[in-house]
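The entries follow in the order I made them.

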Amino acid sequence: MGLYIETHIRADLDELWARTQDPAHHQRWDLRFTEIEYLPRAAGEPQRFRYATRVLPFLTVSGTGVAAGEKERPDGTRTSALRFASPHPLSLIAEGSGYWRYVPDAHGVRFLTGYDYRPRWGAPGALADRLLFRPLMGWATAWSFDRLRLWLERGTTPERALYRWLAELAVRALVLALCLTGLARGSLPGPSGPVADSLAYLCPLLLVLGVFLALFKAPLAGTPAARRCLRTPATRSCAPRLLRTLEKHG
């Protein structure tokens, strides 16, 4: 699979399954989707669904997919797989597939995903995907996984987690702007003297430290952060067989 994300969540397996398999819950924590809706299905058929993502206030990209899950496996793990496609001409993703895997351990659940997709728009689309869209999708998936973790471990609702992230981002931006402004003003000539010279030497160091903290300080514990998730598998990982069963329904 092209993208791989993994997190560890100290929570009950059934609760994690419910928060990820129920569309009403899923659309709350997953930054990649604005709406997820299950469609009617016949008995014994995989679950079809419709999804939509609001790209801009006036632009929503939608698509459809099919999903199936294995809730009871001999090794105690659970798996769900899906195939999806979007006919929308402005959607860079033409079609794709992926899976979720739930691996319980003594301290919670390893929750991981692998997915890939085919971009449209030919060579320009492939270039845009490689340089911008795919890294953005990887970040959004990891950030969403950490928001889900905070919801299950700390009881922080997805909406509150988003507000905290935006507030911390605003504070970082303000500190960065103030420090950069101070550095720019510090380059101008000023009064001389022992005290002035000491301040002229010390202040730029403090301002540089402020820039460093604004850019690289670890997020607060209650703020979602993509950096807390693994982006490559610790061991060799392959798509589940369940995914192949969806080929005829995709």
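**Strand pairing**

I began in the sheet region, where Val66 stands opposite Arg83 in β5. For these notes, helices (H or I, at least four residues) and strands (E, at least two) are DSSP runs, numbered from the N terminus. Two strands pair if DSSP finds at least two bridges between them. β4 and β5 (residues 78-85) pair in the antiparallel sense, over seven bridges.

Next I looked at β3 (residues 47-56) and β4 (residues 59-70). They run antiparallel and are joined by nine bridges. A hairpin of two residues links β3 to β4. Ala52 has Ser62 of β4 opposite it.

I then turned to β1. Which strand pairs with β1 over seven bridges? The partner is β7 (residues 108-119), and the pairing is antiparallel. Within it, Glu6 has Leu112 of β7 as its bridge partner. Six of the seven residues of β1 are buried, so the strand is largely enclosed by the rest of the structure. Buried means under 20% relative accessible area, exposed over 50%, and partly exposed in between (1.4 Å probe, protein chains only).

**Ground rules and confidence**

This is a predicted model: local features need pLDDT of at least 70, side-chain atom pairs count only at pLDDT 80 or more, and totals for chains, interfaces and linings use all residues. Residues are numbered from 1 along each chain as its sequence is written, and side-chain values use heavy atoms, with hydrogens and water left out.

I checked pLDDT, the predictor's confidence in each residue, from 0 to 100. The protein chain averages 87, and 90% of the residues score at least 70. Confidence is highest in β1 (residues 3-9), with a mean of 97. It is lowest in α5 (residues 194-216), with a mean of 67. Over residues 188-201 pLDDT stays under 50, and the model has three contacts there beyond four places in sequence. Contact means heavy atoms within 4.5 Å.

**Whole chain**

I counted six helices and seven strands in the protein chain. From the N terminus the order is β-α-α-β-β-β-β-β-β-α-α-α-α. Of the 250 residues, 38% are buried. Among contacts with a separation of 6 or more, 62% are between residues 24 or more positions apart.

**Largest pocket**

Rolling a probe the size of a water molecule over the atoms shows where empty space is left. A pocket here is an open set of points on a 1 Å grid over the protein atoms alone, where a 1.4 Å probe fits, with protein on both sides within 12 Å along at least five of seven lines; lining residues have an atom within 4 Å of a point. Grid points are joined across faces, edges and corners, and a volume is the space filled by probe spheres set on the points.

The largest pocket comes to about 1200 Å³. It has 44 lining residues. Which of them lie nearest its centre? I noted Arg32, Phe33, Tyr51, Thr53 and Met137. Helix α3 (residues 122-154) gives the largest share of the lining, seven residues. By type, the lining has 30 nonpolar, ten polar and four charged residues. Ala, Val, Leu, Ile, Met, Phe, Trp, Tyr, Cys and Pro count as nonpolar, Asp, Glu, Lys and Arg as charged, and the others, Gly among them, as polar.

**Single residues**

I stopped at Trp121, in the loop between β7 and α3. Trp121 is not a glycine, yet its phi is positive, about 75°. Most residues other than glycine have a negative phi. Trp121 counts as partly exposed because its relative accessibility is 45%.

Beyond four places in sequence, Arg149 contacts Thr7, His8, Ile9, Arg154, Ala221 and Arg228.

Pro135 also lies in α3 and is partly exposed, at 43% relative accessible area. Its C-alpha is 9.1 Å from that of Leu3, 132 residues away along the chain. Leaving aside neighbours within four places, Pro135 contacts Asp129, Arg130 and Arg231.

My last entry is Leu169, in α4 (residues 158-186). Leu169 is partly exposed, at 43% relative accessibility. Leu169 and Pro219 are 50 residues apart in sequence, with 9.4 Å between their C-alpha atoms.
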